[in-house]
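Subject: Structure handover

Hello,

Here is the structure you will be taking over.

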Amino acid sequence: MIPVRLTLRQFFSYERAVLDFSNLHTACICGDNGAGKSALLEALTWGIWGQCRVSVEDHLIRQGATEAQVEVIYQSFAQTYRILRSRSLNGQGSLEWQIQTGQGWRSLTQKGIRATQQAIQTQLRLDYNTFINSAYLRQGRADEFTLKRPGDRKRLLAEMLELQQYERLAEQCREQFRTAKLQVELYQKQLDRQTAQLQQQQQIQTEFEALHAQQVQLEAAQDSDRHLLEAVKARDRRCQQAQQQQDWQQQQLETLRATLQQTESQWRQQRQRRQDLQQSIDRAATIEAGDRQYRQIAQQVEQLQQQFQQRQTLLQAQQDLQTQIAAREHQQSLALHKLQTQLEQLEHTQAADRAIVAEGDRIASAVASYRQAQANLTRLDRLQAKAAPLLAQQQTYQSAIERDRDRLLARQETLHQQVSEAQQMAQHQQVAQAVAEIETQLEELHKLRVYQQRVLEKGQERRALVQQLQERQRSLQREWQRLEDRSRQLQSPGQACPLCEQALEGDRRTAVFTKQQVQQEDVSEQIWVIREQLAVSDREIELLQTEYRDLSEQLAPFDRQLEQQGRLRQQLEASQQQTEQVQLWQAELEEIDAILAARTYAFSARSHLAAVDAALAQLNYNDKDHALCRSEVERWRWAAFKQSELRKARQRLDRTRAAIADCCSQIATLNAPTQAQNREIVQLAQQLSQVRERFACIPYDETAHQQLQQQLKALQQWRSQAEALQQAREQLPQCTAACAELEQLLHTHRQALSDCQQRLDAAQRELAELDRSAPCAATASATEFETAIGQRRKTLDRILSQLGAKQQQLRQFETLEQDRADTTQQLAQFRRQLQVYRELARAYGSNGIPALIIETVLPELEAEANQILGRLTHHQLHLQFITQRSSRHKGKIIDTLDIAIADPRGTRPYETYSGGEAFRINFAIRLALSRLLAQRSGASLQTLAIDEGFGSQDGAGRDHLVSAINAVADDFSCILAITHIPSLRDRFPSRIQVSRTASGSHLEVLN
């Protein structure tokens, strides 16, 4: 990935900034602390991977802004890409990815930001973690790779080498292994099942014959029971028919009863209706009088309603005529205003066209100049098309020559510095003499150290003796206290012996007491002796401690002189190696001097450059003349537009004159209205006057109309009663006839009900006679037969089902042998696949091919890192990668990636080194990683970024870092180093100056 251009908008402290990398190879980003130097690299990583040093993306938006945008244009695998990424305060973001083609930028954006980001990483073959752990030394995180745990460090190195593909292959093999294993288990189970089934063939044949015999017996018994059941069912059918006849008669009886009840209900309803109609007819006089009054008032209301409708019609006609008169007047006014506006526009257009036509001669002269300039530009464009490839080749060859010269100059400066440093360090005799003196002093100090160890051991012996004496003293004190207690007991009269608990009297008490006194004095004497011994031991321990401290003071320089001995020995060995190395460096310097003096470097590029220069001279193409010609074309380009406007203006003048004359005529017509227009308005006025006269002649009283409507509403009931009276007079004869018919029908239904009851009694008597003639056991016997036949039918069905299953199993046994052979063949095939995928998964696993690749790469990485580290530390430090170590369990080896660092004093942990030394170690490893990955085809790391780190170095250390950067410059297309140290600005060929102002951070590229 090679950056081409970086554009920032509202990002961190930048309001807007553009950084062009096209002319930058090795550049220094400098400025004051907090000016915004690191923000440029953070914008590069955020633009490409969407990640930077902030944990909350809203914090990267500049204060006061609502949205941050970053545009990154980069080259990768000979293609140019562009990434547009934005983030707003509302949490919304966008990501656009494009590729440059001959027709412009073509979008490669996927569906969603996550999918697009994954596509970018796939194309780069590089993720964010790999970039910041190899090619980007972030501020304060230069030890990102070194401080990781060994397992994570090894995993990260595998990701840098793109060994994940082997893990994917291993996972696929493991998946195939699991599939094959599952198939083996399935086929093995199938084979076992087939074998077990074949063993059951004889048993199934025996069961089939037994079931067939049982089927024959059951079918014979079933036929016998069916004959008996038919006889019983014939007797039961006669009883059933008699029962059905009785049920039908009972149903007919119930139906007749329901019909009789319904007819009685209808008769009562008709009789009640006839009474109601007769009552309505009795009130006929009163209803007819109210109805006559209702019709009279309704006629009056209808006349008033007609008058109201006539008035409304005349009012509407009056409004329509008034509207027509106003519309005629308004229409005339609008037409006049429109024509006046149109006339003004036409006059303005005519004046503008006349002004353009007046400039015709000047425009024609300018057009001639424009055409001449355009012809010259076309000629120069053709020359440029021929010269462009030659100019590109010229730039390429010049860059190649400059790179070779810069590489030789950088190598010459490095060799001069190394020779000078080696000559300053070439003090072999002095170092050898110093080593001898140090060894003599160390021998004397070693003897003192042995004597000190003996003093320490003697002091430890005295302390052990003191502990024993103190323990003996405490034991004797307890014994003396016990004897003292006994003596006090013996002094008390009548007290028994404390040992045997017998009574003591006279001389016996005196003898026991005296014996106790002697023992107590003996214990006291032993206590005094131990105290004397303790005092003597304390004095000896004090003397030994004093002597030990004196010896420690004498041995204080031992460690320092031991370290000095290691350094001097290392210097002695380095001095011997430097003598040989200086000779090689001097020979290489002479060769470089000869090449630079004779200018024999980049011979092929120089010869090609001469040919390109000759071709350019023959073409006689000049960029300045081309630019001036472009300016001339742009200066006269207005004439082409003016010529088109002139042609259009001449065409418009004639049309404009005719349009102006037409507008004036129409305006004159509107200002002097015709006799027909006046006659139309007069007719409308006359019609309006006639409508107003007719309206005044209509005698309409609105109050009387409302009163009559209220009276009509109050008399509305007489209208409905009159209609009901008319219906009653019409329906009374029909209702009387219906009552007579219903009375006759009631008599008929009562007679039918009596006949049906007689038939039901006869059916009940017939059924009782059949029940008495048929024995009660007949029904029970039919039920038993049906139950037995049903149970036997179920048994036969089950036996037939079992017989079918047995026959199917016997037919399956015929093909089971062939299936078992096929299964055996498939099982053998999957077992072979199982073994193959097991071996492949082991080979593609972390301990297989990836481990071998890492083991192959690590020596190269170690050699490269040591080469850089040696130049940074005068070969005082040496590192080693350790890939295996022993575990706590005996005989077990653990895969790891430890880093061992050795100096003249021996091997020490990384954490014990100072900040400057630690940064040199980290820089050497990270630079070696970047250089290694840049040389391998798997990853395309062509950019190196170093954020600070120079501040932890002294002057010589900074010089070594700059020399190391220049030495690897040819391996990278772009190297960026951030520093705030002024003395380092001039050590880089290009400089990006960053400054902080009130409006934000600004940058300037200085070459």
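**A buried isoleucine**

Ile132 counts as buried, because its relative accessibility is 5% and the cut-off for buried is under 20%. Please keep in mind that this is a predicted model. Ile132 belongs to helix H3, which covers residues 128-132. In space, the C-alpha atoms of Ile132 and Thr45 are 9.0 Å apart, although 87 residues separate the two in sequence.

**Nonpolar cores**

The largest nonpolar core is made of 51 residues, and Ile48 and Tyr74 have the most contacts inside it. Helix H1, residues 37-49, is the element that gives the most to this core, namely eight residues. Leaving aside residues up to four places away in sequence, Ile48 touches Met1, Val72, Ile83, Arg85, Gln117, Ile120 and Leu124. There is also a second, separate core of 50 residues. Leu137, Ile853, Leu944 and Ile975 are among the residues of that second core.

**A helix pair**

Two packed helices are described by the angle between their axes and the distance between the axes. For helix H7 (residues 284-358) and helix H15 (residues 702-714), the angle is about 145 degrees and the axes are 9 Å apart. The crossing of H7 with H15 is left-handed.

Which residues of H7 meet H15? They are Tyr294, Ile297, Ala298, Gln300, Val301, Leu304 and Gln305. On the H15 side, the contact involves Ala704, His705, Leu708, Gln709, Gln711 and Leu712. Sorted by type, the residues of this contact are eight nonpolar, five polar and no charged.

Regards

Key
Residues are numbered from 1 along each chain as its sequence is written. This is a predicted model: local features need pLDDT of at least 70, side-chain atom pairs count only at pLDDT 80 or more; totals for chains, interfaces and linings use all residues. Side-chain values use heavy atoms; hydrogens and water are left out. Helices (H or I, at least four residues) and strands (E, at least two) are DSSP runs, numbered from the N terminus. Buried means under 20% relative accessible area, exposed over 50%, partly exposed in between (1.4 Å probe, protein chains only). A nonpolar core is a set of buried Ala, Val, Leu, Ile, Met, Phe, Trp, Tyr and Cys residues joined through side-chain atoms within 4.5 Å. Contact means heavy atoms within 4.5 Å. Axes are lines fitted to C-alpha atoms, for helices over the stretch in contact, and angles run from 0 to 180 degrees between N-to-C directions. A crossing is left-handed if the near helix is turned anticlockwise from the far one by less than a right angle, and right-handed if clockwise. Ala, Val, Leu, Ile, Met, Phe, Trp, Tyr, Cys and Pro count as nonpolar, Asp, Glu, Lys and Arg as charged, and the others, Gly among them, as polar.
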